[in-house]
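Here are a few notes to read alongside the model. Have a look at the structure first, then go through the points in order.

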Amino acid sequence: AIESFQQKGYKIGFSWEDVWQSEHQAGFTVAKVMQLDILRDIRDGVDAALVDGTTFETFRKNLKPLLMQKGWWGKAEMVDPLTGETKLVQLGSTRRLRTIFDTNLRTSYSEGQWERIQNAKKRFPYLRYDANNSEHPRMQHSGWDNLVLPADDPFWQVHYPVKAWGCKCNVTQFNQKMLDQRGLKVGESPKVPEY
């Protein structure tokens, strides 16, 4: 998880829609952070959370005063660089910091888990999707709950959790004996549009 996060570059983006999935995997980004020094400050906080096991409260306590000092807190008018339109936007807030913290830790842990899955797939060649870990799960993700596919199925390249904002889905790795004990069967790869 730590290595996965630390190898990321930086990606500036006004809107969350400006930076797509593969770009998120390669670059650290926070919507509306248009200055590299602020993006570095936030990234340093996330990095410390991963390396030191920092709690959200410590992350927030350390980062909020710095962001306020640099003017990246509360609501402000900003110009969308793609449209030229001036918009009233939310910069830093406790809620945004929670989203930044949760999203980056979950995706980093997910990347670490994916590496472990790849290392163990000869002994445990199947993954079972677990979608019901959220109070309000996405309908599409709920439809994949208990779906069992080979770890090498192309489905996982696009839909291995965590691939969507706020996603709390995960996978469990199995071998055939474990599937048989639980009465699980290998399914067919869903035909779903790529994001």
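**Notes on helix α4 and the cores**

1. Let's begin with a quick check on helix α4, residues 56-69. At 1.5 Å a residue, its 14 residues should span 20 Å, and its end C-alpha atoms are 20 Å apart, so the two agree. Do keep in mind that this is a predicted model.

2. Where does α4 kink? Look at leucine 63: there is a kink of about 30 degrees there, shortly before proline 65.

3. Which residues of α4 are buried? They include Phe56 and Phe59, along with Leu63 and Leu67. Among the elements covering the buried residues of α4 are α3 (36-52) and α5 (94-120).

4. Now for the largest nonpolar core, which has 23 residues. Val30, Ile42, Val46, Phe59 and Trp72 have the most contacts inside it. At least two residues of this core come from each of α3, α4 and α5, and α3 gives the largest share, with six residues. As background, nonpolar side chains tend to be buried together in soluble globular proteins.

5. What does isoleucine 42 touch? Leaving aside residues up to four places away in sequence, its partners are Phe28, Val30, Val33, Phe59, Leu63, Leu67, Trp72 and Ile100.

How values were computed. Residues are numbered from 1 along each chain as its sequence is written. This is a predicted model: local features need pLDDT of at least 70, side-chain atom pairs count only at pLDDT 80 or more; totals for chains, interfaces and linings use all residues. Side-chain values use heavy atoms; hydrogens and water are left out. Helices (H or I, at least four residues) and strands (E, at least two) are DSSP runs, numbered from the N terminus. The expected span of a helix is 1.5 Å times one less than its number of residues. The bend at a residue is the angle between axes fitted to the seven residues ending there and the seven starting there. Buried means under 20% relative accessible area, exposed over 50%, partly exposed in between (1.4 Å probe, protein chains only). Contact means heavy atoms within 4.5 Å. A nonpolar core is a set of buried Ala, Val, Leu, Ile, Met, Phe, Trp, Tyr and Cys residues joined through side-chain atoms within 4.5 Å.
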